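Subject: Handing over the model we spoke about

Dear colleague,

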Amino acid sequence: MTGIVKLFRRDVRGTTADTPRRTFIRRALSGYFAKRYPLQDAYADWQAARTTAAAIKFDAVNRLDTHLETFARQAEARGTKVFFASTGAQARDYVLALCREQGVRSIVKAKTMTGEEIHLNEALEKEGYGVVESDLGEYIVQLRKEHPYHFVFPCMHLKRGEIRATFEKALGDVGSDEPENLTMVARRVLRQEFLKADLGISGANFLVAETGQISITENEGNARLTCALPRIHVALVGIEKVVPRFEDLALFLPMLGTAGAGQALTGYNTLYAGPRQPGETDGPEEFHVILLDNHRTRLLADPEQRDALHCIRCGACLNVCPIFKNIGGHAYGTTYQGPIGSVITPHLRGLQDWKHLSGASSLCGACTETCPVKIDLHHHLLQNRRNAVREKGVWWERLLFQGFGLYASHAALWRFGSRLAVPGLKLHSRFSGAWFDPVRLWTKTRTLPRPPERTFRQLWAERQKQKSPRA
Amino acid sequence: MNVSLFVPCFVDQLYPHAALAAAQVIEGLGHTVTVPESQTCCGQPAFNSGYWDEARPVAAQMLQAFAGADVVVGVGGSCSAMAKRFMPELFQGTPQEEEAKALAGKTWEFSEFLVRKLGVEDVGARFEGKVTFHDGCHGLRELGLKEPPRALLRHVRGLELVEMKEAETCCGFGGAFSVKFAAISTAMAEVKCESILETLGEGVSCIVSNDLSCLMQITGWLEKNGKPVRGMHLAEVLASR
Ligand code: SF4
């Protein structure tokens with residue numbers, strides 16, 4: 001077992017035992033469901049919208065090279081600097097070099113999971129650059145030195161009182177724990193940071209190839225300030241975020257709001273089309289877009305799971321996932337939590353180290369059912385299991401299944417064995433749950449059914465005999 | 001119609017009466033039921049664990065056992081989904097691909113068979129009391145069987161179906177997952193069972209499902225926690241008179 005799995009198992013033991021927190025998470029999400037489903041039902045045909053969205057993303061992903069080139073050409077035509085980063089390190093170095101060249105002193109950051117993915121804050125801080133998260137949720141987890149709990153709702157696990165305590169520790173007395181008050185506290189601090197900053201870093205929800213724009217969706221308005229006030233704006237965007245046409249946003253923006261947050265449309269949807277143009281009075285002097293691969297092309301090379309690149313990071317699959325709701329976001333130990341994280345992390349960071357996330361699923365399929373762009377999530381978990389075994393199985397598991405295969409592929413042997421089933425079960429029921437019970441992992445928390453008097457085979461044979469006594 | 005009954009291995013050994021009830025219901029509608037002797041297991045445990053090479057000989061045994069069948073009816077959503085949905089994938093590119101597709105094409109889950117193949121919703125059953133229904137994930141999402149079991153239950157005289165809030169939420173069984181990640185599996189069972197326990201206040205006395213593996217998880221958790229609730233396979237309800 002690698003250290004990562006051990007850590008996962010340890011964390012899961014803790015979080016699954018924390019019933020109050022699990023209940024809190026479920027309650028928090030019930031508000032989302034109450035808003036989301038009516039909105040979804042208000043679509044003339046939500047299923048058709050999903051099919052269309054999947055088709056657009058299919059085209060986007062299967063002709064990624066062309067679309068990205070178009071994007072770069074159009075963006076550059078308006079003075080945007082586009083950089084293709086193959087790895088996280090290249091992206092980090094690009095930002096660091098920019099900071100040095102431009103004499104950057106202060107940085108604000110809008111919510112960006114790609115930034116988390118490549119550990120951008122850590123890299124900047126190591127070089128002495130302070131970074132302040134401007135998204136309220138991200139700001140809170142930053143103050144707590146935590147990672148986001150959910151890639152759309154970073155601090156959904158925290159209760160009001162915990163947020164107040166966090167603020168008090170960092171900022172002194174803050175008064176009440178009313179959400180409005182806490183928001184005002186953060187706002188006062190963050191406004192100063194916006195005015196001070198000379199570099200704003202963001203991600204993007206969509207790259208529009210046709211027009212060379214990036215599209216950012218948010219509810220607070222902080223991303224607009226991050227992108228507009230500082231002298232330089234850098235957007236760090238995964239290459240899969242591309243959509244071919246401007247009009248595609250007419251489908252994707254409401255869909256993202258609906259599936260992601262239970263909103264018909266998110267508060268602010270802003271398109272950025274380059275740095276300040278001649279004659280304009282505001283906007284950054286420089287606008288850089290870093291297009292990040294960081295192993296996304298490994299997924300692209302896998303025809304079976306390529307559709308995972310359709311993801312618009314709405315987070316809906318997390319919200320419906322019983323695993324996520326019971327183990328919590330931090331237990332995953334990944335940038336992307338929940339079903340989509342369990343699917344893509346093995347591709348992004350190594351199958352053998354991250355295959356346990358694909359194993360830690362009942363394959364219930366709630367994720368696949370909810371995903372607005374129809375990613376076949378739970379079957380991809382199954383494929384990851386298969387791929388991991390193909391590459392390197394566990395010897396005793398293989399032996400077990402080989403043995404079982406031998407037994408189950410010989411009907412006579414099976415018939416003989418099944419006669420032992422009832423006495424075996426009866427014997428087991430005497431020590432069920434004891435420390436030496438071989439199925440203790442089951443019986444510790446659940447009982448087994450009481451053994452029947454006869455197996456179905458036996459019952460059936462008797463019944464047939466009675467029906468035709470001479471046979 | 002000549003129906004070959006597919007009795008998943010754990011049903012054979014732990015829940016014989018559910019399979020017997022399924023046979024009775026089908027016979028009651030005037031069809032002949034046979035139980036192929038050489039059936040063993042569908043290979044799902046190995047398949048779901050990623051050991052596809054090891055799953056194939058087991059699944060091949062199933063292909064062979066039902067090769068001569070006209071119609072195969074499975075007692076349980078999960079194993080039926082294995083035959084209908086996953087076997088063609090498992091045998092893709094092997095000499096048995098066509099056989100697997102043929103089996104998939106003629107296999108029906110029990111409630112699906114009654115409602116969609118036979119067009120029967122009323123089997124003449126009588127069962128006094130209120131029940132709640134648990135959707136097994138494989139039946140619900142791999143096979144799309146939200147409606148058939150409910151249609152059948154609606155027609156049972158004396159029975160009232162009380163829907164629980166978390167009807168579609170996974171019970172946490174998931175095969176080997178239930179022991180490999182027992183902590184997560186148990187937490188999921190707890191959420192499911194709390195939703196079931198809520199319905200007891202409305203007079204529910206029995207939890208019905210078309211998947212016995214889920215029922216094993218659910219009733220197992222309830223009993224362990226000192227709140228036993230009777231679990232019944234849909235077929236047992238439908239065989240009640
Ligand atoms: S996989 Fe689908 S549901 Fe999950 S975040 Fe991506 S788009 Fe949303």
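Does T258(A) count as buried or exposed, judged by its relative accessibility? Before the answer, please keep in mind that this is a predicted model. T258(A) counts as buried, because its relative accessibility is 1%, and the cut-off for buried is under 20%. The residue lies in helix α12 of chain A, and, leaving aside its neighbours within four places in sequence, T258(A) is in contact with Y32(A), R36(A), L39(A), Q40(A), Y43(A), W46(A), Q263(A) and A264(A).

Helix α12, which covers residues 249-261 of chain A, lies across β5, β6, β8 and β9 of chain A and runs at about 170° to β5(A). Those four strands form an open sheet in the order β8-β5-β6-β9 (chain A), and their pairing is mixed. The edge strands are β8 (242-243) and β9 (268-272) of chain A, each of which pairs on one side only. Within this sheet, strand β5 (residues 206-208) and strand β6 (residues 213-218) of chain A run antiparallel and are joined by three bridges, with I214(A) in β6(A) as the bridge partner of L207(A).

Chain A has 24 helices and ten strands, and its C-alpha atoms fill a box of roughly 100 × 55 × 45 Å along the principal axes. Of its 471 residues, 54% count as buried, and among the contacts in chain A with a separation of 6 or more, 74% are made by residues 24 or more positions apart. The accessible surface of chain A comes to about 21,000 Å², of which 56% belongs to carbon and sulfur atoms.

Another residue to look at is P339(A), which is found in helix α16 (residues 338-349) of chain A. P339(A) is buried, because its relative accessible area is 5%, and, apart from neighbours within four places in sequence, it is in contact with C317(A), L318(A), C321(A), C367(A), L377(A) and L381(A).

Two residues of chain A deserve a look for their backbone angles. Most residues other than glycine have a negative phi. K145(A), however, has a positive phi of about 55° although it is not a glycine, and this residue lies in the loop between α8 (136-143) and α9 (160-171) of chain A. H295(A), also not a glycine, has a positive phi near 75°, and its place is in the loop between β10 (286-292) and α13 (296-300) of chain A. K145(A) counts as exposed at 77% relative accessibility, while H295(A) counts as partly exposed at 29%.

Lastly, please turn to chain B. Four of the five residues of strand β1 (residues 2-6) of chain B are buried, so this strand is largely enclosed by the rest of the structure. β1(B) runs parallel to strand β2 (residues 32-34) of chain B, to which three bridges join it, and β1(B) also pairs in the parallel sense with strand β3 (residues 71-74) of chain B over four bridges. S4(B) stands opposite T34(B) in β2(B), and the bridge partner of S4(B) in β3(B) is V72(B).

With best wishes

Key
Residues numbered from 1 in each chain as written. Chains lettered and ligands numbered in written order. Predicted model: local features only at pLDDT ≥ 70, side-chain atom pairs only at ≥ 80, totals over all residues. Heavy atoms only, no water. Buried < 20%, exposed > 50% of the residue type's maximum accessible area, 1.4 Å probe, protein only. Contact = heavy atoms within 4.5 Å. Areas by Shrake-Rupley, 256 points an atom, 1.4 Å probe, with all protein chains shown as cover. Pairing = 2+ DSSP bridges. Axes fitted to C-alpha atoms, helices over the stretch in contact; angles between N-to-C directions.
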